[in-house]
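Please look over the model below. My notes follow as numbered points.

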Amino acid sequence: MQNIVGEQHSDSSSDDEELEFLALFGVNAPLNARYNVAGVGGEKRRFYDGAKSGQDWIDDLKAGHHDRMLNAMRMDIPSFLKLCEILVNGNFIEQEAIGMALHCVSHDKRHRNLAERFLHSTETIHRNIKEALQAIVRLAPILIRPRNETGVHPKIYNSNAFYPWFKDCVGAIDGTLIPTSAPLTRQRAFRSRKGKISQNVLAACDHDMRFTYIYAGVEGSAHDARVFQHAVLSPDSSFPMPPASKYYLVDSAYKNMPGFLAPHKGHRYQRDQFGGGSGGPRGKYELFNHRHSQLRNVIERTFGVLKARFPILKGPMPNYLMNRQVELVIACYVLHNFIRDEHPDDELFARESGEDEEDYADLGAQHQQIDLSAAAQRNWNSFRMAITDHMFDHQNGRYVPH
C-alpha cells in the first residue's frame with residue numbers, strides 16, 4: 001500500500017494547555033467557551049456535561065439491540081468488540097476514541113457535534129480521532145492485500161457469461177474521486193475534471209468486494225492513467241501483481257498490458273450503453289466489452305458500499321491537513337475490509353453481492369516487475385483477441401474447445 005501525504009502537525013496534549021493559550025487573549029472568552037458561569041459567587045460549571053459520558057453511551061450500545069450499534073457505528077456488536085480488542089491491546093487507545101472515529105466517518109459528524117455526543121472538548125475530540133485513525137491505518141498492511149488467487153472464483157466458474165473466458169481474472173482496478181479540503185494555493189491542482197476539489201484514489205478489489213490495494217492522496221486533476229502509471233508501473237511500486245497468467249480488469253482509460261486486461265477501444269463498453277433502445281452487444285468486440293464491463297463492475301459496487309457506509313467520503317471533507325485527510329480515507333478502506341471479513345452477511349454487502357462466501361487462505365503478495373516489451377505486448381493483445389474470438393464463436397453456437 002502506498003499513499004501520498006502532506007505535512008504533519010502537532011496537537012495540544014491537554015485541555016489545560018488550550019485554556020492557558022486562550023487566556024492570553026482574555027479570560028472571559030476561553031472560560032465561556034468551556035464553562036457556563038452560574039450559581040452563587042459565579043460558580044464555574046463544565047460546558048460539556050451530562051448524565052452519561054461518551055463511554056456510557058458506547059456501553060449502552062454494546063448491551064442494547066444490535067441495530068443500535070449498526071446505526072451508530074456501521075458495524076455489528078461482535079465486529080465492534082473485535083476491532084476494539086485489536087486496537088486497544090495493540091495501540092493503547094481507549095474504546096471511546098474508537099467510537100468517536102467510527103461515529104465521525106459513519107455519519108459525517110463535525111467535532112462540535114461529537115463534543116455534544118461524547119461530552120468532551122473539541123480539542124479532545126480532535127486528538128482522539130487523530131490517534132484512532134492512525135491506529136486503524138496501521139492495520140492496512142494486514143487487511144488491504146490479496147488473498148488466495150489460485151483457482152477460479154465461484155462467481156466466474158458458475159457463470160456462463162464469464163467462464164471460461166475470465167477464469168484467470170482476480171479482480172478489477174479503477175479510480176474514484178473523494179472530496180478533499182485543500183488550501184487556496186493548491187486548489188487548482190486538486191480540482192477534478194468535474195470541477196470539485198478532490199483527491200484521486202486508485203484501488204483494486206477482488207470478486208468478494210474486498211480491497212486489495214489503495215493509492216490515496218493524488219491531486220484530483222491527475223488523469224487516471226497517470227495515477228495508474230505512478231502507482232502500479234513505477235519501479236518502486238508496491239502493487240501486488242497477480243501470479244503469472246492472472247490479471248485484473250481495467251477500463252478503457254488504461255492500456256491493455258500483461259496483468260491488466262482492458263476492453264477493445266472504439267466499441268461500446270459501459271453497461272448503460274447497452275440498455276434502452278440501443279439493443280444488446282453486436283459483434284464480437286461488443287460482446288467481449290459487455291461481459292468485461294459486467295465483471296469489472298465489482299469495483300464500482302465496492303466503491304458504492306464504501307461510500308454508503310462512510311458518508312464522510314461523499315464530502316464535504318473536514319478541514320484537516322492533507323495527511324490527516326489521507327489517513328481518514330485509508331482508514332475507511334481498512335474498516336470496509338474488516339467488516340467484510342468479520343460480518344460477511346452485512347446488509348450493505350448483501351445488497352450488492354448474492355454470492356456465497358468462500359474460505360480463502362491468506363497468501364500475501366510480492367511485487368513482480370511487469371514485462372512491457374513489445375513482444376510481451378503483442379502476446380497479451382493476442383491473448384485478448386483469442387478470448388474475444390472464442391467468446392463470439394460460443395455465443396453463435398459454434399463448438400470450440402476451452
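**Notes on the predicted model**

1. Buried here means under 20% relative accessible area, exposed over 50%, and partly exposed in between (1.4 Å probe, protein chains only). The model is predicted: local features need pLDDT of at least 70, side-chain atom pairs count only at pLDDT 80 or more, and totals for chains, interfaces and linings use all residues. Residues are numbered from 1 along each chain as its sequence is written, and side-chain values use heavy atoms, with hydrogens and water left out.

2. Confidence. The chain has a mean pLDDT (the predictor's confidence in each residue, from 0 to 100) of 82, and 81% of its residues reach 70 or more. Residues 1–40 have pLDDT below 50; this stretch still has 73 contacts in the model beyond near neighbours in sequence. Contact means heavy atoms within 4.5 Å. Residues 355–367 also stay under 50, with 28 contacts beyond four places in sequence. Where pLDDT is low, the predicted coordinates should not be read in detail.

3. Fold and surface. The chain holds 16 helices and eight strands. These are DSSP runs, numbered from the N terminus: helices are H or I with at least four residues, strands E with at least two. Among contacts with a separation of 6 or more, 67% join residues 24 or more positions apart. The accessible surface is about 19200 Å², and carbon and sulfur atoms own 50% of that. Areas come from the Shrake-Rupley method with a 1.4 Å probe; for residues, only the protein chains shown count as cover.

4. Cores. A nonpolar core is a set of buried Ala, Val, Leu, Ile, Met, Phe, Trp, Tyr and Cys residues joined through side-chain atoms within 4.5 Å. The largest has 83 residues, and Met73, Phe166 and Tyr333 have the most contacts inside it. Helix α14 (residues 322–342) gives the most to this core, with 12 residues. Beyond four places in sequence, Tyr333 touches several residues, including Ile144, Val201, Phe211 and Phe303. Another core, apart from that one, has 21 residues, among them Leu202, Val227, Met241 and Ala262.

5. Cysteine 205 is buried, with a relative accessible area of 0%. For cysteine 332, the nearest is the sulfur of cysteine 104, 8.7 Å away. Cysteine 332 is buried, with a relative accessible area of 0%.

Terms used
A disulfide is a pair of cysteine sulfur atoms within 2.5 Å.
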